[in-house]
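User: I am new to this structure and would be grateful for a close look at the salt bridges. Please describe the partners, their surroundings and the strands that go with them.

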Amino acid sequence: MNKTFPIVGIAIAAAIIIGVVGFMAIPNNSDNSMDSDRVTTAEKPMASDTVTEKPTETLTVDEPESETAESMDAKVIDEPIEIETAEETMAVDVTPRQNQVLTIYSGRAETLVGPIIAQFEQDTGIKTQVRYGDTAAMALAIMEEGQNSPADVYFAQDAGALGALAKEGRLLALSPSILEKVDSDYRSSTDEWVGISGRARVVNYNVNLVDQSELPDSIWGFLDPKWKGKIGWAPSNGSFQSFVTALRVLEGEDRAKEWLVGIMENDPVVFSGNAPIVEAIGRGEIHVGFVNNYYMHNIKAKNPSLPVANHYTSGDAGSMINIAGAGVVDTTKNKALAERFIQYMLEEKAQTYFATTTYEYPLVAGVDVTGSQTPITEIVKPQIDLNDLDDLQGTLELLKVIRAL
Amino acid sequence: MNLLTSNSKLSNPLTHTSFPLVIAGIIIALSMLVPLAYLVARASDAGPRITNILISSRTLEVFANSTVLVLVVTALSAVIAVIAAFLTVKTDLPGKKFWSVILTLPLAVPSFVGSFALIATFAPKGSALQNLLAPLGIDVLPPIYGWPGVILALTLFSYPYVFLTTRSSLRGMDPAIEEVSRSLGYNIRSTLRHVTLPHLYPSIAAGSLLVAFYALSDFGTPGLMRFDSFTRMIYVEYQLGFDRSSAAVLSLLLVTLVAVILFFEHRVRSKASYYSLGPGTKRQPVLLKLGRWKGVALVFCGVIATLALFIPIGVMFYWFFQGVAVGESYPNMGIITFNTVYVAALATLVIVAFALPMALLVVRFPRKSTSVLERISYIGFAMPGIVVALSLVSFGANHLPMFYQSMGMLVFAYMVLFIPLSIGAIRSSLLQINPRVEEAARSLGLGQGRTLLTVTIPMAKTGLLAGAALVILTIMKELPSTLLLSPIGFKTLATQVWTGAESASFPYAAASALVLVAISAISVTIILSQERNASRR
């Protein structure tokens, strides 16, 4: 029966018209000429002939209180912070090509790195387009995209994700001039990625409930039954995983298992991530928790009265320093441009930004932390090679065996 | 009391399935097979590890967890939703329009925001409730984490799936059917039980399937509530091992569970017809007087709305004002809001346009093949968002590079994920239309297209609108595929909520979430006001 023919006809036609119109309305990013007056395209990468055009209005955002990076969309900081040095450095290796855009896949949130990427655009004249997402999801996306990946740079929240991409052969070796800026502790031994900022593991504690003198010097101290039910952890969190991997590398499989089993016997409270742990410590729901150093600073920026402080253990995995870092994706069409970005992130301005705005550790010599942050040099960190942290499968298995996951 | 089923034999004069309808159905089904094909391909990479993954005691335990969770959440949601739908359609409950919107809106609360709010309110120590009770000497509340929390949160944020579909059926129902029952001497209660409720089965079932699959595929809630669900296990594989093949094996196991649920739902799905044989004139149905139950009814609606909507909004406002206090700025909210509305509205139009032929196919040509086509459409919705998103990344980048990360691709992703939301609602509405009415229109010389436009669509309007409401509310808060497949730099309120939460910048997350709920409220109000016009027709 043809009775229903027009039903479908109309429906499909409507769907197709709407789909096509929608598709045309928003150009896809594979061609570089984005229609500059589409409101829906939140960022407008480069019209090909407009070198002089300032980063567009969506990119330009007033960001007066520049010490916190809260304004999510601040792509350009209105008043350039000490921009003088930028002009010289930008001329060095790459002349920005007017019609080229650097595509960054960022596993780091826009709140954290958006402002410094905007600063990079302003200082170098290189346009960027950034896809923000979860660190693992971004790495997985690059893997799935295969040889059609539009990504030039992968900016990750931890060494493990960079290692996973490198293992798949998806990152190019970086130039020695970039690698050498960072201590070999914080970069790939096979040169495919480099750390940009440091993230220390710490113990957070509620200052009203715990006296600092009670806190053990070593993560092993938390196996004491007096911590029963008072510990928070996030076994499914990437940073925690890296910590366990470090523990396995440093002390061996059996000892790592012993520690995990010991903590399990203390009935740790399980969280989905670091921020909820810090919040729960603040509420007094738990007394201590294993987190990264900067969460407490970030949360306290909004809520200064939060009774939480950082505590560093000494020379064990509990105070290891992981990195957020970047690598150049093998499908890039302009390696020089991609490397220019990474290089910029290792210059003083960017390093200072990370120290003061995201409360992370600068990795380039000569830039210091500020405020209440414990200087990196005072942390008794364990001797660990971040490249050895790529055995996440083993960590996963271990956590499953002890039923933490 | 068998007013419904008497005519099932003579109902279908159409013996041949219309070819274009089948084409539409097949297009939809093929789209759904993209994630499935991807999973099979990825899972086969796992090789001999497959058996280890499948038979590990942990897999079995989590499988059992998820199954029980789905059953409990679905049952609870159905009870809440059916009661709420009755109250807002069939009774003289004060402020019915208000409650209709308010009770739909929990759907607009992203699950991790809602769960976070529940934790902030009911956590054992230091939560709002505990602080309130502290003067009474209550230092610790019973833990919300685990089973109680995950059931509470999933039920509260997914019952509107049943609420909306049931409401639309109640409104689309011919009041004559109930009147006949009453005139035959049955009292209100017995009419409700034996006439009205059976009439609603298709829409309750359609909504319940959505709740079940939402509970299976959600990640935010189990994560925050510290509950081991299947989806959480899949995330862990991705997150930690970057192990796409293990994740794919687990996802296929999830698809199996989905298939089993669909099979049983189909078995119990009634073959009855749900339309009246009469001319089908619509009148305003007589409203039940609640009398002294009015207070109870208001308390019921109030409690649900408080837990599922007002508490999350309250917590978000609290965070928001904390941000205001430290001088946080909220730039670009206008553009981001526009983006969100634009893409959600566009995708909703496309989805409804495809869902209508699919629903027509299933209702007017009920065959095994058509119902299989329809069932396949549930695959996307039942799978964790990240799985579907990655499958479309793989498909898009490698097979449709021109479309990859374009607006078209994003709309396609939304269709793969959310089309069953709309099909189910439209289907239950179409079941209430006597095909004889369409035939009469045709026999009076109306063309096929005009029959659709002037007879079928107006009569199915409540279902179309309910379907549209479900889709638009769900799209606006969707995250994984928006992050991975949108045009680069395209931001929506949901991605901004995520960005804020990810960097522990809760005031920003809260601001975006509040705007999200606000524009959802506007959308629902508009859609439900259309519904009123529909029944005045």
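**Salt bridges and their surroundings**

Glu347(A) and Arg340(A) are joined by a salt bridge whose closest N and O atoms are 3.3 Å apart. Both residues, Glu347(A) and Arg340(A), are buried. This is a predicted model, and over all its chains the structure holds 23 salt bridges.

A second pair in chain A consists of Glu360(A) and Arg199(A), with 2.7 Å between the closest N and O atoms. Glu360(A) belongs to the loop between α12 (348-357) and β13 (361-362) of chain A, while Arg199(A) belongs to strand β7 of chain A, so the pair ties together parts that are 161 residues apart in sequence. Glu360(A) and Arg199(A) are both buried.

In chain B, a salt bridge connects the side chains of Glu438(B) and Arg364(B), at 3.0 Å from N to O. Here too distant parts of the chain are linked: Glu438(B) lies in helix α20 (residues 435-443) of chain B and Arg364(B) in helix α15 (residues 333-364) of chain B, 74 residues apart. Glu438(B) and Arg364(B) are both buried. Elsewhere, salt bridges with shared partners join Glu144(A), Glu168(A), Arg42(B), Asp45(B) and Arg244(B) into one network.

Strand β7 covers residues 194-206 of chain A and pairs with β11(A) in the antiparallel sense, over four bridges. Within this pairing, Val203(A) stands opposite His311(A) of β11(A). In a regular strand the side chains alternate between the two faces of the sheet. In strand β11 (residues 308-311) of chain A, both faces are covered: Val308(A) and Asn310(A) are buried on one side, and Ala309(A) and His311(A) are buried on the other.

Strand β5 (residues 153-156) of chain A is likewise covered on both faces, with Val153(A) and Phe155(A) buried on one side and Tyr154(A) and Ala156(A) buried on the other. Strand β3 (residues 101-106) of chain A runs parallel to β5(A) and is joined to it by three bridges; there Tyr105(A) stands opposite Tyr154(A). Strand β12 (residues 321-329) of chain A pairs with β5(A) in the antiparallel sense over four bridges, and Gly325(A) in β12(A) is the bridge partner of Ala156(A).

Finally, a helix of chain B may be considered. In α8(B), 13 of the 13 residues are buried. At 1.5 Å a residue, the 13 residues of this helix (residues 160-172) should span 18 Å, which agrees with the 18 Å between its end C-alpha atoms.

How values were computed. Residues numbered from 1 in each chain as written. Chains lettered and ligands numbered in written order. Predicted model: local features only at pLDDT ≥ 70, side-chain atom pairs only at ≥ 80, totals over all residues. Heavy atoms only, no water. Buried < 20%, exposed > 50% of the residue type's maximum accessible area, 1.4 Å probe, protein only. Helix = DSSP H or I, 4+ residues; strand = E, 2+ residues; numbered from the N terminus. Pairing = 2+ DSSP bridges. Expected span 1.5 Å × (residues − 1). Salt bridge = Lys/Arg side-chain N within 4 Å of Asp/Glu carboxyl O.
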